[in-house]
Amino acid sequence: MTEATISPEVQQMLPEAVREVTGLYMGDQLNNFLLRDQSLQEREQFWKETANEFLPFADKIIDLWEVVTDAETTKKGYPDFVGVHFFKAGDKEAESLLTDVLFARTIKSPGYMDYGMNVVKEAEVMVRELGVQDGLGGAQIKEITLDKTVESVLTGSLKLIRQTQLEKK
C-alpha cells in the first residue's frame, strides 16, 4: 500500500508517528467543535513540533495540517457535504478525516468548492488508494479506521491532492 519503499528505521518509526498525528487530528476536532480554547497558531505549532519529531514524515504531516485547516474553512460554506461519502468507514474519526481530505482534493481554494469536480469519482479514487477494492458502497470500507487513514497519508498511498481530472466540455 505504500507509495515508495520505506527503510526499516522509518518503518519502525511509523506506528508512533501515526499515533501522534492521530492525536493531533483528534485534538483539532475537539478544539474546533467543543473546546475552542486554543488558537490556530497554537494548533499549528503542535503540528510543526510533531513534524520536527518525525522528520521522515515531516512534509506529509505539514501537508495534512494544511488540508485540515483548509477543509475546516470550506466546511463552513458547505455543511451538507460533510460526511456523506464516507459514512460507512470503520469509525467516525476516519469518516471525518477522509471528508477533510476530499474537501482538499475538490476545492479551488479554501472556502470554495470546484463545482466542475466529480466529487463521487474522487471519493472512489480515495478509497481505492486505501486498498478498498469494492468502492464506497462495499463491505471493505468498514475496515478503514482513523489510524489506517493517517498511516496511508504518511506513507503516501492516500494522496492529499486531486487525482481525477475535470472532463473537457
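Student: Which helices each supply at least two residues of the lining of the largest pocket?

Tutor: Bear in mind that this is a predicted model. To read a pocket, ask which elements contribute to its lining. Here α1, α2 and α3 each give at least two residues to the lining of the largest pocket. The largest share, five residues, is from α3.

Student: How much space lies in the largest pocket, and which lining residues are the closest to its centre?

Tutor: The space comes to about 260 Å³. The lining has 15 residues, and Asn31, Asn32, Leu40, Glu72 and Lys76 are the closest to the centre. By class, the lining holds four nonpolar, six polar and five charged residues.

Student: Take Glu72 from that list. Is Glu72 buried or exposed?

Tutor: A residue counts as buried when its relative accessible area is under 20%. Glu72 has a value of 15%, so it is buried. Glu72 sits in helix α3, and, leaving out residues up to four places away in sequence, it touches Asn32 and Phe33.

Student: Why is Phe46 classed as partly exposed?

Tutor: The partly exposed class lies between the buried limit of 20% and the exposed limit of 50%. Phe46 is partly exposed because its relative accessible area is 32%. Phe46 belongs to helix α2. With residues up to four places away set aside, Phe46 touches Leu24 and Gln38. Its C-alpha atom is 9.8 Å from that of Val21, a residue 25 places away along the chain.

Student: Now the nonpolar core. How many residues does the largest one have, and which have the most contacts inside it?

Tutor: The largest core has 44 residues, and those with the most contacts inside it are Phe57, Ile61, Leu64, Phe86, Leu97, Ile144 and Leu154. Two or more residues come from each of α1 (8-35), α2 (40-53), α3 (58-75), α4 (92-106), α5 (119-129) and α6 (146-155). Domain 1 (1-114) and domain 2 (115-168) each provide at least three residues of this core.

Student: What is Phe86 in contact with, beyond its neighbours within four places in sequence?

Tutor: Phe86 is in contact with Glu95, Leu98, Thr99, Leu102, Ala123, Met126, Val127 and Leu136.

Student: How is the chain divided into domains, and how many residues of each are in contact with the other?

Tutor: There are two parts to compare: domain 1 (1-114) and domain 2 (115-168). In domain 1, 38 residues are in contact with 37 residues of domain 2. The domain centres, taken over C-alpha atoms, are separated by 14 Å.

Student: How many residues of α6 are buried?

Tutor: Burial can be read along a helix, residue by residue. Seven of the ten residues in α6 are buried, and the helix is mostly covered. The buried ones are Leu146, Thr149, Val150, Ser152, Val153, Leu154 and Thr155. Just after α6, Gly156 has a positive phi of about 90°.

Student: Where is Thr145 found, and what does it touch?

Tutor: Thr145 is in the loop between α5 and α6. Not counting residues up to four places away in sequence, Thr145 touches Asp91 and Ala94. Thr145 is partly exposed, at a relative accessible area of 29%. Separation in sequence and separation in space are read as a pair: Thr145 and Gly90 are 55 residues apart in sequence, with 5.2 Å from C-alpha to C-alpha.

Technical notes:
Residues numbered from 1 in each chain as written. Predicted model: local features only at pLDDT ≥ 70, side-chain atom pairs only at ≥ 80, totals over all residues. Heavy atoms only, no water. Core = buried A, V, L, I, M, F, W, Y, C linked by side-chain atoms within 4.5 Å. Buried < 20%, exposed > 50% of the residue type's maximum accessible area, 1.4 Å probe, protein only. Helix = DSSP H or I, 4+ residues; strand = E, 2+ residues; numbered from the N terminus. Domains from an automatic or database assignment. Contact = heavy atoms within 4.5 Å. 1 Å grid on protein atoms, 1.4 Å probe; cavity = no way out; pocket = protein on both sides within 12 Å on 5 of 7 lines; lining within 4 Å. Points joined across faces, edges and corners; volume = space filled by probe spheres on them. Nonpolar A, V, L, I, M, F, W, Y, C, P; charged D, E, K, R; others polar.
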